[in-house]
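Reader: I would like to learn how to read a few features of a protein model. Please take them one at a time, with the general idea before the case.

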Amino acid sequence: MSPQAPTDTVVACSQCKRMFSHSDLVQIAGSWVCGDCKPAFLSRVMVEGAAAAGPFGWHYGGFWIRFGARFIDGFVMMAPILILAAVLIPNLLRAGKQPSNPALVAFTLTLVAIFLIAAISYEVLMMRYWGATVGKIACGLKIVRSDGRSLGWGVSFGRFFMWNIVTGGIPYLNLVLMLTSSIMAGADAEKRALHDRVCDTRVIYKRSLMRA
């Protein structure tokens, strides 16, 4: 009886997920990649480092793309406030001429409360149901847990609290924390800012999540 020929193991490409014979794949930065995906994957690893591809083939969003997403979110949030203020400015100027006007004080406090509630609702709801704010969606980004799961209510609120209240909301201290968080996002292999580390989240390009 002739000896049985060894069978070649079938493995999935980490990028396109197609099945290949083990001998048809090449291992790059700990990931098995097919010949079609090899050039793009190798280029990304060479430019951004081995960890840039992530354990699931993720491509992490860096500092500048996240800064752009925050800029868009700021415009989305501030545009309604600026329109409201422009409509009410004439009345505010007239009320401001009266000393200790309780109506002006009440209006200011109400405006602050509305803005805070709107900011919480906007960011927390979008992270919970869409995994991204309008800015991140526009930039092709998504927020996920470190194991790829979607965000729950607790993580969504915790991430909002860490960035908007702790990191950016405490006078004087916010300058140090925001600078530290920005440096962390730029230098960390997985582009994690301070709030990402605390909440165990990752900001990735959505297209890389679809390939994973």
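**Reading burial, packing and rings**

Author: Start with methionine 178, which counts as partly exposed because its relative accessibility is 30%, between the limits of 20% for buried and 50% for exposed. The model is predicted. Methionine 178 belongs to helix H6.

Reader: Which residues does methionine 178 touch, leaving out those up to four places away in sequence?

Author: Its contacts are Trp163, Thr167 and Gly168, with residues up to four places away in sequence not counted. Sequence and space can also be set side by side: methionine 178 and valine 166 are twelve residues apart in sequence, and their C-alpha atoms are 9.6 Å apart.

Reader: How do I read the sides of a helix?

Author: An α-helix has 3.6 residues a turn, so residues three or four places apart point the same way. In H6, the buried residues are Asn174, Leu177, Ser181, Met184 and Ala185. They lie on the same side of H6 because they cover an arc of only 95° around the axis. Leu175, Val176, Leu179, Ile183 and Ala187 are exposed on the other side of H6.

Reader: What do the buried residues of H6 pack against?

Author: They pack against H5 and helix H7 (194–199).

Reader: How many Å should helix H6 span, and how far apart are its end C-alpha atoms?

Author: Helix H6 covers residues 173–187, which is 15 residues, so at 1.5 Å a residue it should span 21 Å. The end C-alpha atoms are 21 Å apart, which agrees.

Reader: Now the whole chain. What are the totals for secondary structure?

Author: The chain has eight helices and six strands. Along the sequence they follow the pattern β-β-β-β-α-α-α-α-β-α-α-α-β-α. Of the 212 residues, 35% count as buried. Among contacts with a separation of 6 or more, 56% join residues 24 or more positions apart.

Reader: Which residues have the most contacts inside the largest nonpolar core?

Author: They are Met127, Leu141, Ile143, Leu151 and Phe160, in a core of 17 residues. Two or more residues each come from helix H2 (63–96), helix H3 (102–130), strand E5 (141–145), helix H5 (153–169) and strand E6 (201–205). H3 gives the most, with five residues. Apart from this core lies another, of nine residues, including Val11, Phe20, Leu25 and Cys34.

Reader: Is arginine 66 buried or exposed?

Author: Arginine 66 has a relative accessible area of 8%, so it is buried. This residue lies in helix H2. Beyond four places in sequence, arginine 66 touches Gly61, Leu141, Arg159, Lys191, Ala193, His195, Asp196 and Val203. Leucine 141, counted in the same way, touches residues including Gly61, Ile65, Arg66 and Val203.

Reader: How is a pair of aromatic rings described?

Author: A pair of aromatic rings is described by the distance of the centres and the angle of the planes. The whole structure holds eight aromatic pairs. Tyrosine 129 and tryptophan 130 form an edge-to-face pair, at 6.3 Å centre to centre with 70° between the planes. Both tyrosine 129 and tryptophan 130 are exposed.

Reader: What sits over the ring of tyrosine 129?

Author: The charged end of arginine 128 does, 5.4 Å from the ring centre. Elsewhere, Phe63, Trp64 and Phe67 form one aromatic cluster.

Technical notes:
Residues numbered from 1 in each chain as written. Predicted model: local features only at pLDDT ≥ 70, side-chain atom pairs only at ≥ 80, totals over all residues. Heavy atoms only, no water. Core = buried A, V, L, I, M, F, W, Y, C linked by side-chain atoms within 4.5 Å. Buried < 20%, exposed > 50% of the residue type's maximum accessible area, 1.4 Å probe, protein only. Helix = DSSP H or I, 4+ residues; strand = E, 2+ residues; numbered from the N terminus. Contact = heavy atoms within 4.5 Å. Phe/Tyr/Trp six-rings, centres within 6.5 Å; stacked < 30°, edge-to-face > 60°. Lys NZ or Arg CZ within 6 Å of the ring centre and 35° of its normal. Expected span 1.5 Å × (residues − 1). Arc of directions from axis to C-beta.
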